[in-house]
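Please read this briefing alongside the sequence and the structure shown below. The points after the lead sentences are grouped by topic.

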Amino acid sequence: MMNDTRFEQLRAALQTESDRRIDVDRAWSRFQRRRPEASKRRRRLIAAATTAAVVAAVSVSVAVVRLGGGVSSRSGATGPAVGTPARDPVAARIPVADVTSMTADGGDVWALTGSHELVRIDASTNAVTLRVPVAGVADSSPVVAGGGALWLDGTGPAGHARLLKIDPATGAISAQTTLPAGCTQTAYGLDHVWVLCNAASTFKVLRIDPATAQVDAQTGVQPGPAYTFVAGSEGVWLGTNAALLQVDPSGTHLTGLKVTGSAKYLSVYSADYIGPLGATQLALGDGALWALAGNVSGQPEHLAEINPVTGRITLAFTYPEGADTSSDYWDLNAAFGLGSIWMLAPLGNNEIVRISTTSGNPVSHVYPGGSCSQYCSQVYAIAGAVWEPTAQQIIRINPAMMPG
């Protein structure tokens, strides 16, 4: 039982609702009203880390392991997760605070905190099995898994950045690669590490061999900057003011594959209608590229599913917003995986709404409680579950306990 008085009051209020569909609609309404506040928090984090240009990135990694409870027997554990009743969507509350990024690698989930502590969680038991501080991590770094290692953006000497390769067995730095300034957005996909390098009006992408941690290919300099960058099994994608672009797996050039459509705005009324993409965020999940575009010429926000092979928009959803949205587009606040879209709604700043990928409508929600912090506005669909960091803990949600 949570001892958070405010949470209990909110839980009691929700329980008085007799119609679960009304609960979902209220959560969705709150989500729409409060998105700008979450956006401002997210933009502060982005601004603190930007060097040569404004860059926003969303990474999604997927692995499958079984849900469970209990305490790990592996060395390095620093405390058990708190279990929950069998039918509760909240499967565990893991004592890791102020998380800035998460990812999954095999049977482990990894979290990076605002104090640059790397935390390993056994996904089969929900127990913390390793905590280690990592020196020289850039404040905005995502934690990225792939190629038998973890990867972090690091601070380098004047005029340079660094890529840090981390041994997942110990959390120690096993290699450091010096990169040009502005090379700070790391992702993993197609068996390589990828780094986006932004300058004031140009960008390039580096491909790095995970075995050697050295650059083995790079694109030519392209008109930019690029505002969002993702990599995964669905390819390597980025967005500029002009278009969504794909990097060739060779790492030497862009593929020429672009999302089809004229340059106006993304619309649910036509699968070939897409526009100013500097106001777009990207994510990968469930075999698709996802884009959020909004606040274009007064139009509502739109969430689109894009086929990564053809570049064609296959699904698009729209929803109006009830508050000032002059700069709301920096905040995706969503994860894509496990057959659903997972969005954050603002009840207590950490309510999760499950969205149908067929209709785009909310189908269920859960308010797991806890208080927010400057690192809120994150949700991850990794390791067979949905994960949400709060100020004091990471909350693990079992999708099987939620309708939809």
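This predicted model holds one aromatic pair, formed by W290 and F336, which are stacked with 4.7 Å centre to centre and 15° between the planes. Since W290 belongs to strand β23 (residues 288-293) and F336 to strand β26 (residues 334-337), the pair ties together parts that are 46 residues apart in sequence.

**Surroundings of the aromatic pair**
- Both W290 and F336 are buried, each having under 20% relative accessible area.

**A four-stranded sheet**
- Four strands make up an open sheet in the order β16-β17-β18-β19, and their pairing is antiparallel.
- Because β16 (226-232) and β19 (254-258) stand at the edges and each has a single partner strand, one side of each is left without a neighbour in the sheet.
- From one strand to the next, the twist of this sheet averages 25°.
- Within the sheet, strand β17 (residues 235-240) and strand β18 (residues 244-247) run antiparallel and are joined by four bridges, and V236 has V247 in β18 as its bridge partner.

**Confidence in the model**
- The chain has a mean pLDDT of 76, with 66% of its residues reaching 70 or more.
- Residues 1-24 have pLDDT below 50, and this stretch has 33 contacts in the model beyond near neighbours in sequence.
- The pLDDT is also below 50 over residues 321-330, a stretch for which the model shows 29 contacts beyond near neighbours in sequence.

Key: Residues are numbered from 1 along each chain as its sequence is written. This is a predicted model: local features need pLDDT of at least 70, side-chain atom pairs count only at pLDDT 80 or more; totals for chains, interfaces and linings use all residues. Side-chain values use heavy atoms; hydrogens and water are left out. Two strands pair if DSSP finds at least two bridges between them. Helices (H or I, at least four residues) and strands (E, at least two) are DSSP runs, numbered from the N terminus. Axes are lines fitted to C-alpha atoms, for helices over the stretch in contact, and angles run from 0 to 180 degrees between N-to-C directions. Rings of Phe, Tyr and Trp (its six-membered ring) pair if their centres lie within 6.5 Å; planes under 30 degrees apart count as stacked, over 60 as edge-to-face and the rest as tilted. Buried means under 20% relative accessible area, exposed over 50%, partly exposed in between (1.4 Å probe, protein chains only). pLDDT is the predictor's confidence in each residue, from 0 to 100. Contact means heavy atoms within 4.5 Å.
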